[in-house]
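The sequence and the structure come first.

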Amino acid sequence: MRVFLLLLALVAVARADAPPPVEVHARAEPDTVTVGQRFRYSVEVKADAGVDVVFAQPTEHLGDFDIVDFGDTPAVQKGASTVVTRWFTLVGWTPGRHLIKSPPVRYRVPGGELTDLQAYEMGVQVDSLLEKTPDAADIRDIREPEPVPVDWRPYWVGGGALVLVVAGAAAVWAMLRRRTRPAVAAPPRPPHEVAAAALAALAERRLVEHGEFKELYSGLSDIVRTYLEQRFELRAPEMTTEEFLLTTARDGRLARAHRPLLSAFLTESDLVKFARHLPTLADAERAFAAARRFVDETAAAAAPGDRRAAG
């Protein structure tokens, strides 16, 4: 019995001394910048073979710095581990020493539960240009702009083109009056009404009561992605979650207030569909409410005649 207890103690010590299956490191290039100067911040995640890694993706801010751009570099194999690097282009506006924490990373070993990994912290110094520039207050204002002479030629060309357009429109209108007007087709249903009807049909299936969480999250994800494609003219069903968040952050088609809600919803859906995450009943109800809330809020933000442009 004593030998067995001794072996258990040795195994526990060996496990305590063993390195974690996932490691996070970060660096800033350069780590001393001036106000308004962009710099590159890179986060490296090294994971052992067979370990599932979930990397959070902020799209607006990282600590005290604004995110200008971000992306991933191709994965690199180092021995039995895989190294994935995510880079950010950051900019700061407040002088002083600022602490940056790496985005949250969660991992799961085979047969285990999702575990939060401790963030990597580092400091970046932001210097003021005024403090480094002698006589910085002695700056002369710019001169008043000089008036630009008016070029009347575009107006003459535009007027002639307008006359031709009016004459052509009058001729077409006269021809159409002689024909019987075809029946006007009913306008298509707005995307938010289609999505609301799909959500109601999904709720009637009572998938939560039957414990079919994966099918529920798949249905919610398909409805939201189809709604995004019709509402914002995005190829959302063909994009991964990271590609979609990157596209909406860069072109601004999705309102800033809605990005965190959509990011959390899509990330949780990916965990259920691809990482075998088993949600609770409260998680499923919250995901359903988040999908309905996202459709309602983005539909209310749309103005008449905006061609489904982003709010």
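Helices (H or I, at least four residues) and strands (E, at least two) are taken as DSSP runs and numbered from the N terminus. The model is a predicted one, in which local features need pLDDT of at least 70 and side-chain atom pairs count only at pLDDT 80 or more, while totals for chains, interfaces and linings use all residues. Residues are numbered from 1 along each chain as its sequence is written, and side-chain values use heavy atoms, with hydrogens and water left out.

**Overall fold**

The chain has eight helices and 11 strands. Of its 311 residues, 32% count as buried; buried means under 20% relative accessible area, exposed over 50%, and partly exposed in between (1.4 Å probe, protein chains only). A contact is defined by heavy atoms within 4.5 Å. Among contacts between residues at least 6 apart in sequence, 66% join residues at least 24 apart.

Arg206 lies in the loop between helix 4 (191-204) and helix 5. Phi of Arg206 is near 55 degrees, a positive value in a residue other than glycine. Arg206 is partly exposed, with a relative accessible area of 48%. Arg206 also takes part in a salt bridge, with Glu209 as its partner, and Glu209 counts as exposed at 58% relative accessibility.

**Salt bridges**

Side chains of opposite charge can pair when their charged atoms come close. A salt bridge here is a side-chain nitrogen of Lys or Arg within 4 Å of a carboxyl oxygen of Asp or Glu. The structure holds nine of these salt bridges.

| Salt bridge | Closest N and O atoms |
|---|---|
| Asp72 with Arg86 | 2.6 Å |
| Arg293 with Glu297 | 2.9 Å |

In the salt bridge between Asp72 and Arg86, Asp72 lies in strand 6 (residues 65-78) and Arg86 in strand 7 (residues 81-91), so the pair ties together parts that are 14 residues apart in sequence. Asp72 is partly exposed at 38% relative accessible area, whereas Arg86 is buried at 3%.

Arg293 and Glu297 both belong to helix 8 (residues 281-300), where they are four residues apart, about one turn of the helix. Arg293 is partly exposed, at 46% relative accessibility, and Glu297 is partly exposed too, at 31%.

A network of salt bridges links Arg27, Glu29 and Glu44. Pro30 is placed in the loop between strand 1 (22-29) and strand 2 (32-34).

His98 lies in strand 8 (residues 96-101) and is buried, with a relative accessible area of 9%. The side chain of His98 makes a polar contact with that of Asp64, at 2.9 Å. Apart from its neighbours within four places in sequence, His98 is in contact with Asp64, Phe65, Met122, Gly123, Val124 and Val126.

Ser81 lies in strand 7 and is buried at 8% relative accessible area. Its side chain makes a polar contact with the side chain of Asp48, at 3.2 Å. With neighbours within four places in sequence left aside, Ser81 is in contact with Lys46, Ala47, Asp48 and Val76.

**The largest pocket**

On a 1 Å grid over the protein atoms alone, a pocket is an open set of points where a 1.4 Å probe fits, with protein on both sides within 12 Å along at least five of seven lines; lining residues have an atom within 4 Å of a point. Grid points are joined across faces, edges and corners, and a volume is the space filled by probe spheres set on the points.

The largest pocket holds about 850 Å³ of space. Of the 39 residues that line the largest pocket, the closest to its centre are Val53, Val54, Phe55, Glu242 and Thr267. The elements that each supply at least two lining residues include strand 3 (38-48), strand 4 (52-55), helix 5 (213-232) and helix 6 (241-251). Helix 7 gives the largest share of the lining, seven residues.

By class, the lining has 21 nonpolar, nine polar and nine charged residues. Ala, Val, Leu, Ile, Met, Phe, Trp, Tyr, Cys and Pro count as nonpolar, Asp, Glu, Lys and Arg as charged, and the others, Gly among them, as polar.

Methods
A polar contact is a pair of N or O atoms within 3.5 Å; within protein, one must be able to donate a hydrogen and the other to accept it, and residues adjacent in sequence count only if both atoms are side-chain atoms.
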